[in-house]
Amino acid sequence: MPPSGPRAALLLLPPLLLLRTVLAVPLERGAPKEESPATESPVSGPALLSSQVFAVDTGLYYHRYLQEVINVLETDGHFREKLQAANAEDIKSGKLSRELDFVSHHVRTKLDELKRQEVSRLRMLLKAKMDAEQEPNIQLDHLSLLKQFEHLDPQNQHTFEARDLELLIQTATRDLAQYDAAHHEEFKRYEMLKEHERRRYLESLGEEQRKEAERKLEEQQRRHREHPKVNVPGSQAQLKEVWEELDGLDPNRFNPKTFFILHDINSDGVLDEQELEALFTKELEKVYDPKNEEDDMREMEEERLRMREHVMKNVDTNQDRLVTLEEFLASTQRKEFGDTGEGWETVEMHPAYTQEELKRFEEELAAREAELNAKAQRLSQETEALGRSQGRLEAQKRELQQAVLQMEQRKQQQQGHNGPAPGPEGQPKLHPDTDDAPVPAPAGDQKDVDPLGKKVPEQPPKLPQLDSQHL
């Protein structure tokens with residue numbers, strides 16, 4: 001679902017406006033109105049504007065890198081001054097990027113560190129991707145792989161140069177410009193998946209249940225179609241309805257210039273996409289209610305996007321995604337402003353996909369489902385094999401434990417046959433309570449009994465030794 005509010009506005013800003021907004025540089029044709037500090041708009045101050053814009057996410061995979069680079073450049077007075085004087089062509093041609101050579105050493109050092117961190121992050125992403133594909137032992141060629149990331153110069157992975165700033169601006173220009181197209185494609189796949197699941201659900205039911213489910217679905221679609229007339233976005237009828245019901249003003253005194261000033265919320269002299277989308281809320285509420293199960297909020301966001309695109313196509317003559325007062329007043333003078341016919345045709349009147357696209361989508365889903373089932377089967381077989389292997393290992397472990405126990409028992413039996421084990425000082429341990437305990441000798445025969453109680457055989461008397469002198 002596309003974001004609404006501040007994030008949606010930022011996602012669709014061209015990089016020139018993005019840079020200028022972050023750096024709080026007035027647009028050439030829409031400079032903010034001068035106000036006293038006491039009455040200054042809360043979003044017109046430089047610091048607040050910068051922090052407010054980047055309090056939301058652009059949705060780009062390199063958003064944080066972009067944010068940090070802009071924040072660092074914002075601190076350099078020279079670069080800020082050059083940006084104020086630059087036009088769109090200077091930025092697109094790379095002329096502004098060359099001013100990077102004149103920023104302070106402190107700023108360049110910070111930019112170098114940011115680039116090294118981004119390169120390191122991208123390397124980690126590449127490694128994680130390779131690991132997820134079960135190829136952990138492959139030697140990565142980081143230089144070749146980094147070339148797929150176009151928001152920095154992969155040839156120089158250590159310092160932030162003018163080429164890096166130029167690539168960052170060009171890539172953000174392209175990616176943000178493709179946001180609407182990407183959203184429409186995402187919505188198309190969402191609608192096809194919803195239809196696919198509906199068909200599968202109906203196929204799973206019995207005949208009577210299927211008829212009841214189809215009847216309920218038709219009833220929901222009927223209730224969804226029964227809504228008040230939706231005015232064409234940007235038409236006189238639509239703007240007058242906002243003027244009367246939201247602004248509380250007399251519809252007979254509608255004034256386009258006053259209307260523009262009232263809805264230029266931040267008083268910057270232009271209506272940006274966020275301010276335009278706020279004008280469509282009343283029309284969207286006629287069709288979509290989050291409390292009704294038949295109203296899909298995802299479709300409401302697609303409707304909001306279609307309305308904004310319609311206004312921009314007819315009012316934004318220079319296609320910079322901003323509506324000036326002059327462009328707005330000029331649109332109110334056209335014939336289409338007052339002639340809206342039968343009103344706005346909503347999403348359900350314009351199917352997001354063809355039957356051929358739905359058929360290809362379902363074939364793609366079937367192929368993916370078959371692949372996932374095959375993978376799940378392989379994993380199940382591997383799990384069973386691991387279970388059997390673990391069982392064999394457990395059996396071997398028990399056999400080894402039994403063998404060790406038997407060896408210990410045999411060892412103890414052998415020690416028992418060879419006599420009691422000696423004591424701490426080498427004497428045998430006596431066990432009075434066992435059958436093998438030695439029987440003490442009679443008191444009179446103690447001199448002929450050894451310490452174990454056995455009788456010592458008599459020894460012949462020793463003869464005195466005579467030396468040569470006695471002989």
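## Helices 10 and 11

Helix 10 (residues 179-203) and helix 11 (residues 207-225) have axes that come within 9 Å and cross at roughly 145°. Axes here are lines fitted to C-alpha atoms over the stretch in contact, with angles from 0 to 180 degrees between N-to-C directions; helices (H or I, at least four residues) and strands (E, at least two) are DSSP runs numbered from the N terminus. Helix 10 brings Arg-198, Tyr-201 and Leu-202 to the contact, and helix 11 brings Arg-210, Ala-213, Glu-214 and Leu-217, with contact meaning heavy atoms within 4.5 Å.

This is a predicted model, where local features need pLDDT of at least 70, side-chain atom pairs need 80 or more, and totals for chains, interfaces and linings use all residues. Residues are numbered from 1 along each chain as its sequence is written, and side-chain values use heavy atoms, leaving out hydrogens and water.

## Around helix 12

Helix 12 (residues 236-246) buries Gln-238, Leu-239, Glu-241, Val-242 and Trp-243; buried means under 20% relative accessible area (1.4 Å probe, protein chains only). Those buried residues pack against helix 13 (256-263), helix 15 (281-287) and helix 17 (325-331). Just past helix 12, Gly-248 has a positive phi of about 70°.

## Two loop residues

Ser-267 sits in the loop between helix 13 and strand 1 (270-271). Ser-267 isn't a glycine, yet its phi is positive, at about 55°.

Over in the loop between helix 8 (142-146) and helix 9 (162-177) you'll find Gln-157. Gln-157 counts as buried because its relative accessibility is 13%. Its side chain makes a 2.3 Å polar contact with the side chain of Arg-123 and reaches the backbone oxygen of Pro-154 at 3.4 Å. A polar contact is a pair of N or O atoms within 3.5 Å; within protein, one must be able to donate a hydrogen and the other to accept it, and residues adjacent in sequence count only if both atoms are side-chain atoms.

How values were computed
Buried < 20%, exposed > 50% of the residue type's maximum accessible area, 1.4 Å probe, protein only.
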